[in-house]
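Colleague: I have some time for this model today. Could you walk me through it, starting with the terms you use?

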2 protein chains.
Amino acid sequence: MNEAAGAPKKVTSGISGSHLTDAMDHQLEILLSAANYDAVKTLLEPVQPVDIAEAIGSLPLVLQALAFRLLSKNEAIEVYEYLDPSIQQSLLDRLRSSEVLELVEEMSPDDRVRLFDELPAKVVRRLLAELSPSERRVTAQLLGYEPETGGRLMTTEFIDLKEFHNAAQALSIVRSQAADKETIYSLYVTDRERHLTGILSLRDLVTADPEDLIGDVMTRDVVSVRTDTDQEEVARAIQRYDFLALPVVDRENRLVGIVTVDDVIDVIEQEATRDLYAAGAVQAGDEDDYFQSNLFVVARRRVVWLVVLVIANGLTTQVIAMNDAVLKQVVLLAAFIPLLIGTGGNVGAQSSTVVIRGLSTQRIQALGLMKAIFREALAGALLGLLMLLVVVPFAWWRGEGPLVGAAVGISLMAITTLAATAGAALPLLFDRMGLDPALMSAPFITTATDVAGVLIYLKTAAWLLAHMHGVNT
Amino acid sequence: MNEAAGAPKKVTSGISGSHLTDAMDHQLEILLSAANYDAVKTLLEPVQPVDIAEAIGSLPLVLQALAFRLLSKNEAIEVYEYLDPSIQQSLLDRLRSSEVLELVEEMSPDDRVRLFDELPAKVVRRLLAELSPSERRVTAQLLGYEPETGGRLMTTEFIDLKEFHNAAQALSIVRSQAADKETIYSLYVTDRERHLTGILSLRDLVTADPEDLIGDVMTRDVVSVRTDTDQEEVARAIQRYDFLALPVVDRENRLVGIVTVDDVIDVIEQEATRDLYAAGAVQAGDEDDYFQSNLFVVARRRVVWLVVLVIANGLTTQVIAMNDAVLKQVVLLAAFIPLLIGTGGNVGAQSSTVVIRGLSTQRIQALGLMKAIFREALAGALLGLLMLLVVVPFAWWRGEGPLVGAAVGISLMAITTLAATAGAALPLLFDRMGLDPALMSAPFITTATDVAGVLIYLKTAAWLLAHMHGVNT
């Protein structure tokens, strides 16, 4: 499935169009160094803003501002919004302050807020003070919402209509406002107090009779989110209903902004990255910026979980050390510890993976929580049973007798059942308690299973030794 | 981050609108059982199609067809497209064949193809034969493309214009065709041989002067994909460029279909689920249908990887059994095996997680492959060094002497460095070889690290025992 992902060049086989190639990147650098600015403009003219942003990002620092200044004003704003935050910042330092101000003034409010989130507070205060009053007001409003909510994700650049407009009037409003709005395909209808009373699509509008009143053609059953709705919930709503945009209202049901589908795709990907990182015991950053971070940031994002896990592993060590009498009698028992706890860990990891993903994609609710746990427990027992067929003969042979075979077999069943149950129950429990279920992802389930696994195994072996005396080693 | 995901009811706090609640589900069932059909219609009237589909899915089988028949024709088609494949099939069995035919005839070609993918071949052949010639032709065409490609994902219901149309003519074409098209917001321009020559948005069209020629207002620099482009690559292109739709062309650059953003969100989520399942050693199904599968399907999707891993774990057992002489001398060495291989596994899992995710989101390319591997190796060494501070004092104390402390410390550094290197290099190697890098996800890296880890540990301990003779135990 990932053939495409590993393509080493920027031009991947299946997409044709305006990608800058590596060769063009190189040409861009040569032309800039040679101060051949007309040729640069010709080179970049057919290129998409996001590709230009990537090309500028890969230029040497001294050429970045130079390349950026050659863009037309509208293009510059679009390209700027696609730049990495670090390059956005370094450009702010290199451009004249009048250029900076014009740029920041013209950005969409939502992109401006995302930039301000990354800038030092001092710079943000200065830029805010220099914005026009209307842009300053809306920016301060958006910055006032909690991060990762509908309010932070939304833009205020939407088109609102009134019920008493007719379709022809509405279409001319759309035409006159189109240039400044994030989308013109979803249109919102409000009353005098800005309460949201309906929505219609541009499709509805262009197919309506010009004399039709908006109040008659609009849909009154509106799905909306609030400014404090979690961004993942906003994303799921757009995904569920196949919307292009979703209105955001305040507590009094006044329309304050809209969230568009392109932002939602990024949220879904960001949340998937978090879940995956949790499954790999890596702390997620604000963005998927792992490969831009330096080595010490990388270590910081990994060492905390490693140390927590190593301390938990220390418990396993304790359990073994306290039961070393049985190992002293049959040292070959030790050879099966990694296999048993590894298998338990794998079964537990499977269960926690499907449960955590089921919670994220909201599919587990269809089954019911207790039923989901019970089903996983059964699956764990069934899987343990299937693996006995492979593991017990091997343990009998390699362990040089029935004692090891029996101890491995009995504890394998117990461990897989326990691991599957814990792997399903702990994330669900965390979720119920309002904690992030991803905290109970594979590495933690695995480590917890280790402790219980060695205890079960060594106690079983000790019991068997006491009762099968003389049979073995 | 997942507070919302675990909400047990269908109405989540932050979304208001047309969700059916559990209470309404119940009411729906009561009204249907009482044959109060007008009340059912009133109840469902303000509800979104996807919510109706969910409500029908949770009805008893005998009521499903009844509820479905109460929907208006247009609504029935929309609702049907949102139903789970199993319910789509059972409805086909329960509706009259004229009803079935009308339904299948009216579906969008892409949704029809998705339905046919799930149906038995015999039923598909019968339905295909009964479709109108034009719908049969387009369906057969789409079914001819490989699964998970642009061709399979696309719809053929797009609007194409000609360069010689003026804006007013184009707008009236859009108006007249709007009802049958998947989107009217992205418009495509083709020549007489159906070659794609340009695109424009409805936004461009409504803001253009009515006399402007399409050839003058359209964009000629078009990003497009081919029918055989992998669906993940298609999704990444729409995400990268923030498009609402993307044209799909054949090898002769003739426009054959479009992919829209709503389908792309589902692809991104499906691919994220696969990566997550791979990280948890669970085989992904065609859909995220884990919680709908029965226990034996669940076991089948998990047992294969478990057995592969258990066999690999058998190698670890072999290594320990072959080096049991050193354990017989110092049995407490065995107590640290889980800690060492667990920590190595966690470090390797972290590295493979970030590398596999970096390949999926196409961010690792910015760094370069050799540099990425080298960076992970350094990170592994650094993390090993940091953990020595915790682990060595513990091992010295719990292992009752410097021998165990030294053996644990030396092998910990070696294991973390090796695990991080393997965790980064193996997915990248697989990717380069055209294999799915997710096959080298956490469980496999962990298991591979186990074998190397115990070998390093026991050999180190044996060497120390030979050279530190008399110091310990």
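This is a predicted model: local features need pLDDT of at least 70, side-chain atom pairs count only at pLDDT 80 or more; totals for chains, interfaces and linings use all residues.

Colleague: Thanks! Where is B:Asn253 placed?

Modeller: B:Asn253 has a positive phi of about 65° although it is not a glycine. Most residues other than glycine have a negative phi. The place of B:Asn253 is the loop between β6 (245-249) and β7 (255-260) of chain B.

Colleague: Is B:Asn253 buried, partly exposed or exposed?

Modeller: A residue is buried if 20 or more other C-beta atoms lie within 10 Å of its own, exposed if 12 or fewer, and partly exposed in between, with C-beta atoms placed from the backbone. B:Asn253 has 17 C-beta neighbours inside 10 Å, so this residue counts as partly exposed.

Colleague: And in chain A, which loop holds A:Arg194?

Modeller: A:Arg194 is not a glycine, yet its phi is positive, at about 65°. A:Arg194 counts as partly exposed because it has 16 C-beta neighbours inside 10 Å. Its place is the loop between β3 (186-190) and β4 (196-201) of chain A.

Colleague: On to the meeting of the chains: which helix gives the most to the side of chain B that touches chain A?

Modeller: Two residues are in contact if their C-beta atoms, placed from the backbone, lie within 7 Å. With that rule, 130 residues of chain B are in contact with 130 residues of chain A. The helix that gives the most to the chain B side, with 16 residues, is α19(B).

Colleague: How many charged residues does that side of chain B have?

Modeller: Ala, Val, Leu, Ile, Met, Phe, Trp, Tyr, Cys and Pro count as nonpolar, Asp, Glu, Lys and Arg as charged, and the others, Gly among them, as polar. The side of chain B that touches chain A has 72 nonpolar and 30 polar residues, and its charged residues number 28.

Colleague: How many charged residues are in the contact of α4(B) with α6(B)?

Modeller: Helix α4 (residues 61-69) and helix α6 (residues 85-94) of chain B pack at an angle of about 75°, with their axes 10 Å apart, and are therefore roughly perpendicular to each other. The contact includes B:Phe68 of α4(B) and B:Arg94 of α6(B). By class it has five nonpolar and two polar residues, and the charged count is one.

Colleague: What is the angle between α17(A) and α20(B)?

Modeller: Among the residues that meet are A:Arg302 in α17(A) and B:Phe394 in α20(B). By class, this contact has 17 nonpolar, two polar and three charged residues. With axes 9 Å apart, helix α17 (residues 295-322) of chain A and α20(B) pack at an angle of about 30°.

Colleague: Which residues does A:Arg302 contact, leaving aside neighbours within four places in sequence?

Modeller: A:Arg302 is buried because 26 other C-beta atoms lie within 10 Å. Its C-alpha atom is 5.3 Å from that of A:Val282, 20 residues apart along the chain. The contacts of A:Arg302 are A:Val282, B:Gln350 and B:Leu383.

Colleague: Last one: which residues does B:Tyr82 touch, not counting those up to four places away in sequence?

Modeller: B:Tyr82 is in helix α5 (residues 73-82) of chain B. With 21 other C-beta atoms within 10 Å, B:Tyr82 is buried. The residues that B:Tyr82 touches are B:Pro49, B:Val50 and B:Ala53.

Technical notes: Residues are numbered from 1 along each chain as its sequence is written. Chains are lettered from A and ligands numbered from 1 in the order in which they are written. Helices (H or I, at least four residues) and strands (E, at least two) are DSSP runs, numbered from the N terminus. Axes are lines fitted to C-alpha atoms, for helices over the stretch in contact, and angles run from 0 to 180 degrees between N-to-C directions. Angles under 35 degrees count as roughly parallel, over 145 as roughly antiparallel, 65 to 115 as roughly perpendicular and the rest as oblique.
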